[in-house]
Amino acid sequence: MRELTVLYDAHCGLCRRFKDWLAAQRPALNGEGGVVRLRFVAAGSTDARALYPGLDHEATLREVTVVADDGSVYVGDRAWIVCMWATGEHRHTAVRLASPAMRPVARAMVQAAAGLRRLSGGDYADGCDGQCDREG
């Protein structure tokens, strides 16, 4: 895997902060002599619809969605985990969180690491209403 495209809601403060945090991370090695590159595309945008016509673009506005260069699509907890996996500093944690027992913890850990959500009480650090954090 050489590149991941992260579809995020450009109108959501939580999603924008996550994108900025992720973009600032040191990329992890991809195992092929390079690094995992990240590309960010606004969910629901004309670009997103042109790049990925088969996706449910309304759903990508509710949940961070990641598309790998091999066509794999990650949504929900798996998307948060693959984003962590793409970073040099957080790859080890992502591997541990990928186990079925730990997967539900992934979203909270990524949001806490990015300073998006406080672990105690679950409040959003930036006052976001958490709309995109709700399954639906």
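A crossover is right-handed if, with the strands pointing away from the viewer, the path from the first strand over the helix to the second runs clockwise. Helices (H or I, at least four residues) and strands (E, at least two) are DSSP runs, numbered from the N terminus.

The model is predicted: local features need pLDDT of at least 70, side-chain atom pairs count only at pLDDT 80 or more, and totals for chains, interfaces and linings use all residues. Residues are numbered from 1 along each chain as its sequence is written, and side-chain values use heavy atoms, with hydrogens and water left out.

**Exercise 1. Find the order of the strands in the open sheet.**

Solution. Two strands pair if DSSP finds at least two bridges between them. Start at β1 (3-8). It is joined to β2 (residues 37-42) by 6 bridges, and the two run parallel. L4 stands opposite L38 in β2. Next, take β3 (65-68). 4 bridges join β1 to β3, and this pair runs antiparallel. Here V6 has V66 as its bridge partner. The order of the 4 strands is β2-β1-β3-β4, with mixed pairing. β2 and β4 (73-75) are the edge strands, each pairing on one side only. On average, neighbouring strands are turned by 20° against each other, direction ignored.

**Exercise 2. State the handedness of the β-α-β unit made by β1, α1 and β2.**

Solution. Follow the path from β1 over α1 to β2: the unit is right-handed.

**Exercise 3. Describe the largest nonpolar core.**

Solution. A nonpolar core is a set of buried Ala, Val, Leu, Ile, Met, Phe, Trp, Tyr and Cys residues joined through side-chain atoms within 4.5 Å. Buried means under 20% relative accessible area, with a 1.4 Å probe and protein chains only. The largest core has 14 residues; L4, V6, F18, L22, V64, V66 and C83 have the most contacts inside it. β1, α1 (13-24), β3 and α4 (77-85) each supply at least two residues. The largest share, 4 residues, comes from α4. Apart from this core lies another, of 7 residues, including A43 and V67.

**Exercise 4. Explain why β1 is largely enclosed by the rest of the structure.**

Solution. Count its buried residues: β1 has 5 of 6 buried, so the strand is largely enclosed.

**Exercise 5. List what L22 touches beyond four places in sequence.**

Solution. Contact means heavy atoms within 4.5 Å. L22 touches V6, L38, F40, C83 and T87, not counting residues up to four places away.

Definitions and conventions: Buried means under 20% relative accessible area, exposed over 50%, partly exposed in between (1.4 Å probe, protein chains only). Axes are lines fitted to C-alpha atoms, for helices over the stretch in contact, and angles run from 0 to 180 degrees between N-to-C directions.
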